[in-house]
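The notes follow in the order in which I checked things.

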2 protein chains.
Amino acid sequence: MKHSIFTVVILAISVFLLPVHAGIKYVDASCLTLVGKGMSTPGNEYHRVDTAKYGDMPASVKHLFTYSAGLAVSFKTNSSTVAVRWTTKGRGVMGNMTPIAHRGLDLYMYAGGGWIPAGVGTPLAGKTEHECKIAQYLESGEHKFLLYLPLFEEILSLEIGVDSAAMIEAEPSPFRHKVLIYGSSILHGACASRAGLAYPARMSRSTGINFVNFGLSGRGKMEAAVADMLKDVDADAFILDCMPNPSPEEIVARTQYLVKTIREHHPGVPIIMIETYMRENGYSNRQVRERCLDQSKAFITQYELLKEQGVEDLYLIRDHHAIGTDHEGSSDGTHPNDLGFDRMVQQYQPQILDILKKYGIE
Amino acid sequence: MKHSIFTVVILAISVFLLPVHAGIKYVDASCLTLVGKGMSTPGNEYHRVDTAKYGDMPASVKHLFTYSAGLAVSFKTNSSTVAVRWTTKGRGVMGNMTPIAHRGLDLYMYAGGGWIPAGVGTPLAGKTEHECKIAQYLESGEHKFLLYLPLFEEILSLEIGVDSAAMIEAEPSPFRHKVLIYGSSILHGACASRAGLAYPARMSRSTGINFVNFGLSGRGKMEAAVADMLKDVDADAFILDCMPNPSPEEIVARTQYLVKTIREHHPGVPIIMIETYMRENGYSNRQVRERCLDQSKAFITQYELLKEQGVEDLYLIRDHHAIGTDHEGSSDGTHPNDLGFDRMVQQYQPQILDILKKYGIE
């Protein structure tokens with residue numbers, strides 16, 4: 001490979017500027033393509049919702065919408081190395097998540113007709129500024145990449161580095177349409193081992209359809225202010241995976257407004273309600289079991305009421321042990337692990353695709 | 001439930017002594033049954049190997065053998081709540097592991113003819129002393145439990161708490177025979193989301209055979225001092241899942257001594273070598289791919305040489321994409337996630353059982 005004098009000078013300077021990753025040039029990820037957005041977020045492009053515009057939402061909901069769950073950067077490069085530098089707002093630790101999923105990065109490369117994982121960005125313990133070589137010794141030639149952002153943190157800055165002599169360019173989103181999923185921590189990504197294994201991310205890669213992650217850990221409670229925000233999300237379909245967080249009474253009080261608001265502001269667009277599986281602890285803990293059964297009953301009753309009222313293009317996916325029957329699909333008794341998520345995708349995806357197909361979303 | 005005056009007095013005192021978990025009495029786990037041990041360890045019963053006795057092993061190997069990977073406490077109780085108090089030596093964070101798997105606890109309960117997860121013990125961030133109610137609102141009656149200990153930490157103390165009026169007793173190990181597995185971080189449990197999902201633990205629960213975890217993250221390198229230690233392990237079978245850590249040259253230099261030492265000191269006992277899968281990063285990273293291929297070649301050549309030399313009762317399990325072909329079975333490009341471990345169990349377990357059956361181990 002030939003280097004120009006300019007490149008050689010840059011390389012020489014880099015030795016002083018970047019002693020750890022000499023020979024790497026960085027670009028700000030904002031120059032590339034951000035995939036998985038539900039709306040524009042002027043305050044910080046790595047937020048999921050414009051929390052200033054929708055200020056009536058509960059503070060905890062607004063906070064969770066600043067997390068970058070489901071977002072990914074699409075780019076191409078011919079570099080043999082991909083490096084990353086990123087800043088997170090927080091430096092905490094979650095007991096049931098890996099730091100990589102919580103505050104780290106997850107790189108996929110397109111190869112052999114599909115997406116393969118190419119490396120993870122491990123955050124530095126107790127720090128907010130992180131840096132690493134995420135992929136190395138790549139085959140020569142140009143490759144497409146998707147870099148998944150942290151599930152449970154706010155990103156303040158993100159740069160992607162490549163060999164000084166290499167090109168790096170924005171690549172269009174590999175996904176078509178826009179299917180918004182609103183819901184709980186399970187949707188949010190707890191407890192995938194890395195961001196690319198959250199179930200909307202897995203379904204996007206395997207179907208080519210853009211599933212947008214509006215999961216809110218502990219707070220997917222169907223508040224009216226959230227329903228009002230969804231009026232402005234220009235989606236081709238809405239999936240409601242929000243049964244786990246609200247109490248049975250909240251399900252009764254809030255489901256009608258949520259569904260009818262979406263129905264009114266997005267006429268003709270399918271709305272799919274998903275019944276959540278019995279949480280694994282429910283097989284030993286009576287209180288958990290009763291709550292899950294009561295939530296299911298309330299959620300399904302609300303679906304039936306809406307159908308009786310003539311709400312159109314509304315669907316329900318019933319649960320059939322979505323994380324399996326061998327009791328090994330949960331990380332912590334509540335959330336799926338990567339095995340549970342795999343089983344959820346096997347169960348949900350064909351049913352979702354069948355419905356979407358009726359609306360030309362395929 | 002009737003309480004004696006004595007119980008009421010104890011409860012009243014407990015309110016002052018245990019403000020967080022009032023009404024709970026604790027027993028030291030050393031009074032119960034410890035499952036999954038390879039040998040006795042006088043210095044600390046939650047170690048895996050007596051590191052004083054086998055002082056010639058490398059310091060890093062000795063350190064890793066102080067971790068409680070694969071150990072579990074077997075007990076029964078009629079309590080409606082199970083609480084845990086435990087002390088870990090370290091307080092660190094691993095990027096690719098959940099704190100629950102790293103330093104926490106994982107409780108299984110026997111119900112409906114099988115083992116079901118009943119709760120996890122989440123360690124306190126930055127602390128070495130931890131306490132929580134791990135299971136609550138259990139059905140009345142007596143239940144058997146297995147409490148899995150941390151995969152990547154040394155346990156300094158462990159107490160199990162039950163309702164003041166309840167009984168708690170040692171329960172015999174639910175597993176028969178003793179099959180020792182020696183190997184790498186994959187065996188050790190990286191990156192299961194909790195201790196009970198490491199593959200030896202999964203195989204023990206599903207087969208009833210006692211698989212003992214001698215996994216050493218980054219250090220399953222077949223050193224002669226480790227081979228010498230294995231002379232004293234009274235096992236019914238040995239499985240060698242130690243291909244990932246040694247270099248190809250180390251595999252050539254060390255495999256013969258390891259296998260022949262076991263063969264000589266444990267005549268007639270089966271020895272099963274496992275070829276490791278191509279690490280997921282090997283599909284994008286040329287250097288990783290070449291190293292994996294070279295390791296496989298060296299490992300299989302050593303097996304063939306040993307067979308040619310007439311070493312008896314020696315078996316090889318070849319790899320057939322043990323963590324799957326969809327590229328979703330790894331947490332970090334090297335280690336399986338819970339999905340990868342599930343696929344490994346599906347692939348390894350029937351082959352291992354077929355071999356063990358020939359020796360009456362079933």
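I began with one helix pair in chain A. α5(A) passes α9(A) in a right-handed crossing. I then looked up the geometry: α5(A) covers residues 199-207, its axis and that of α9(A) come within 10 Å, and the two cross at roughly 55 degrees. An angle under 35 degrees would count as roughly parallel and 65 to 115 as roughly perpendicular, with oblique for the rest. α5(A) and α9(A) are therefore oblique to each other.

Which residues make this contact? On the α5(A) side I listed A:Tyr199, A:Arg202, A:Met203, A:Ser206 and A:Thr207. They meet A:Phe341, A:Met344, A:Val345, A:Gln349 and A:Leu353 of α9(A). Sorted by class, the contact of α5(A) with α9(A) has six nonpolar residues, three polar and one charged.

**Confidence**

This is a predicted model, and I noted its scores before going on. The ipTM is 0.92 and the pTM is 0.93. For chain A the average pLDDT is 94, and 94% of the residues score at least 70. I marked residues 1-20 of chain A, where pLDDT stays under 50. For that stretch the model has 14 contacts beyond four places in sequence.

**α7 and α8, chain A**

Next I took α7(A), residues 248-265, against α8(A). They pack at an angle of about 30 degrees with their axes 9 Å apart. α7(A) and α8(A) are therefore roughly parallel to each other. Their crossing is right-handed.

From α7(A) I wrote down A:Pro248, A:Ile251, A:Val252, A:Thr255, A:Gln256 and A:Val259. Across from them α8(A) places A:Asp294, A:Gln295, A:Ala298, A:Phe299, A:Gln302 and A:Leu306. The class count for the contact of α7(A) with α8(A) is seven nonpolar, four polar and one charged.

**α7 and α8, chain B**

The axes of α7(B) (residues 248-265) and α8(B) (residues 286-308) come within 9 Å and cross at roughly 30 degrees. That makes α7(B) roughly parallel to α8(B). Here α7(B) passes α8(B) in a right-handed crossing. The contact includes B:Pro248 and B:Ile251 of α7(B), and B:Phe299 and B:Leu306 of α8(B). Its residues divide into seven nonpolar, four polar and one charged.

**How the copies are related**

What rotation superposes chain A on chain B? I found 180 degrees, with 0.0 Å of shift along the axis and an RMSD of 0.0 Å. The two copies are thus related as by a two-fold rotation axis. The same surface serves both copies, as 100% of the contact residues of chain A recur in chain B.

**The contact between chains**

How many residues does each chain give to the contact? I recorded 45 from chain A and 45 from chain B. On the side of chain A that touches chain B, the elements giving two or more residues are α3 (99-103), β5 (105-111), β6 (114-121), α8 (286-308) and α9 (338-357). β6(A) gives the most to that side, with five residues. By class, the side of chain A that touches chain B has 19 nonpolar, 17 polar and nine charged residues.

Two of the helices from the packing notes, α8 and α9 of chain A, are thus among the elements listed for that side.

Conventions: Residues are numbered from 1 along each chain as its sequence is written. Chains are lettered from A and ligands numbered from 1 in the order in which they are written. This is a predicted model: local features need pLDDT of at least 70, side-chain atom pairs count only at pLDDT 80 or more; totals for chains, interfaces and linings use all residues. Two residues are in contact if their C-beta atoms, placed from the backbone, lie within 7 Å. Helices (H or I, at least four residues) and strands (E, at least two) are DSSP runs, numbered from the N terminus. Ala, Val, Leu, Ile, Met, Phe, Trp, Tyr, Cys and Pro count as nonpolar, Asp, Glu, Lys and Arg as charged, and the others, Gly among them, as polar. Axes are lines fitted to C-alpha atoms, for helices over the stretch in contact, and angles run from 0 to 180 degrees between N-to-C directions. Angles under 35 degrees count as roughly parallel, over 145 as roughly antiparallel, 65 to 115 as roughly perpendicular and the rest as oblique. A crossing is left-handed if the near helix is turned anticlockwise from the far one by less than a right angle, and right-handed if clockwise. Copies are superposed by least squares on the C-alpha atoms of residues with pLDDT of at least 70 in both. pLDDT is the predictor's confidence in each residue, from 0 to 100.
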